[in-house]
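Here are my notes for you, with the structure alongside. Have a look at it, then go through the points in order.

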Amino acid sequence: MIKTLTAFTSEIDNVELAVAEILKQIEPEKNLLKNSFGIISCHSEFISLGIVEEVCKNFPFDITGTSTLMTAVPGCIEQVSLTLTIVTSDDIVFSGAVTEPLKIESYKEKIKEAYDKTASAFSKKPAFIFVSAPLIFNIAGDHVVEAIDEVSGGVPAFGTLAVDHTVDYSTVKTIYNGKSYPDTLSMMLIYGDIDPVFSIASVSNEKIFGQKAIITEADENILKGVNGMPVIDYLQSIGLAPNKKIEGLNSIPFIIYFNDGTKPATRAIFAITPEGYAVCGGIMPVNATLGIGYIDHDEVLRTTTQSINDALSQKKNNGLFIFSCLVRNLALGFDVMAEMEAVQKSIDGKIPYFISYSGGEICPVYNEEGKAVNRFHNDTIITCLF
């Protein structure tokens with residue numbers, strides 16, 4: 001048996017009251033089974049004011065999480081809130097791991113050390129891994145996924161890069177057992193008879209231009225050449241960069257086709273350099289096929305509603321984890337609550353869930369043989385259903 005419990009608080013002025021609200025909703029003595037783990041998503045003020053730390057003190061199990069732009073669970077859609085999601089079971093086992101601070105020269109070793117320290121206590125691989133990763137500009141989400149893939153042997157990984165409400169992401173934090181960090185990654189290794197179903201949705205085919213190209217030059221997440229020409233020249237040639245300038249970068253995602261039988265991944269464009277290169281939200285693999293899409297308010301709501309309806313059709317009802325990219329929220333304009341309201345309306349009490357905004361999404365895609373392949377995404381809504 002496995003079940004999911006959710007709680008929330010919008011109380012930011014009184015630590016004791018915030019903790020009491022969480023405990024009242026969870027009712028630990030009544031609802032917790034033998035094994036549990038928790039996920040906190042919150043506005044960063046709940047971290048700086050000590051509320052996260054006090055909440056975690058009240059639960060005798062590992063709790064992971066991140067700061068976020070906005071988060072919601074059943075009964076709560078607030079711009080400034082903290083949500084706690086607890087997965088509890090008598091027969092599924094949960095074991096947490098946290099890295100030392102990550103640096104570009106040693107992040108793989110630190111992730112391996114943390115994983116091995118926890119996994120060594122078990123004779124089998126975990127069923128899947130929940131990941132709370134930091135937002136570090138020189139360590140791409142693809143690097144994190146690759147490192148977890150290598151150390152775990154390809155165990156499906158699902159999770160998020162932290163984000164916050166500030167323009168410069170100055171208060172972004174990951175959370176592990178009440179402590180917060182700007183540069184550490186935590187993993188929850190989940191063992192037992194649990195068979196999660198993963199899905200992604202980003203830009204529908206109708207919103208992707210028919211013209212495709214080939215990535216011919218790139219340096220990690222810096223896209224330099226497309227079809228043998230500088231990327232800015234290519235974009236100008238198809239009418240997206242008049243006078244070699246792009247308006248509305250956030251609304252024009254790149255679509256990467258890996259040509260390996262898996263779904264494409266989406267990459268946000270963060271900036272155009274003085275040289276005319278595109279700074280992207282993930283690694284741009286040379287020789288991959290490049291498409292260009294468009295995302296707006298209606299597209300966000302359409303893909304979100306479809307994604308949730310597809311998840312509900314799977315007939316699993318123990319819990320649903322949802323992360324949506326920060327860029328999708330930006331596409332909503334002033335209607336900032338619309339996506340979370342669409343999720344709440346679609347689920348309509350059918351299953352416990354949480355949804356949080358993300359600085360980058362970690363979610364497997366399925367290849368032609370049905371095998372889950374870990375991948376990093378931008379501009380995407382991801383779900384994990386169990």
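1. T99 counts as buried, because its relative accessibility is 5% (buried means under 20% relative accessible area, exposed over 50%, partly exposed in between, with a 1.4 Å probe and protein chains only). Keep in mind that this is a predicted model, where local features need pLDDT of at least 70, side-chain atom pairs count only at pLDDT 80 or more, and totals for chains, interfaces and linings use all residues. Residues are numbered from 1 along each chain as its sequence is written, and side-chain values use heavy atoms, with hydrogens and water left out.

2. Where does T99 lie? Look in the loop between β7 (93-98) and α5 (107-119); helices (H or I, at least four residues) and strands (E, at least two) are DSSP runs, numbered from the N terminus.

3. Which residues touch T99, leaving aside its neighbours within four places in sequence? They are K110, I111, A114, T184 and L185, where contact means heavy atoms within 4.5 Å.

4. Now zoom out: the protein chain has ten helices and 28 strands. Its radius of gyration is 20 Å, close to the 21 Å from the globule rule for 386 residues, so the chain is as compact as a globular protein of that length. That radius is taken over C-alpha atoms, and the rule is 2.2 Å times the number of residues to the power 0.38.

5. Of the 386 residues in the protein chain, 57% are buried. Among contacts with a separation of 6 or more, 78% come from residues 24 or more positions apart.
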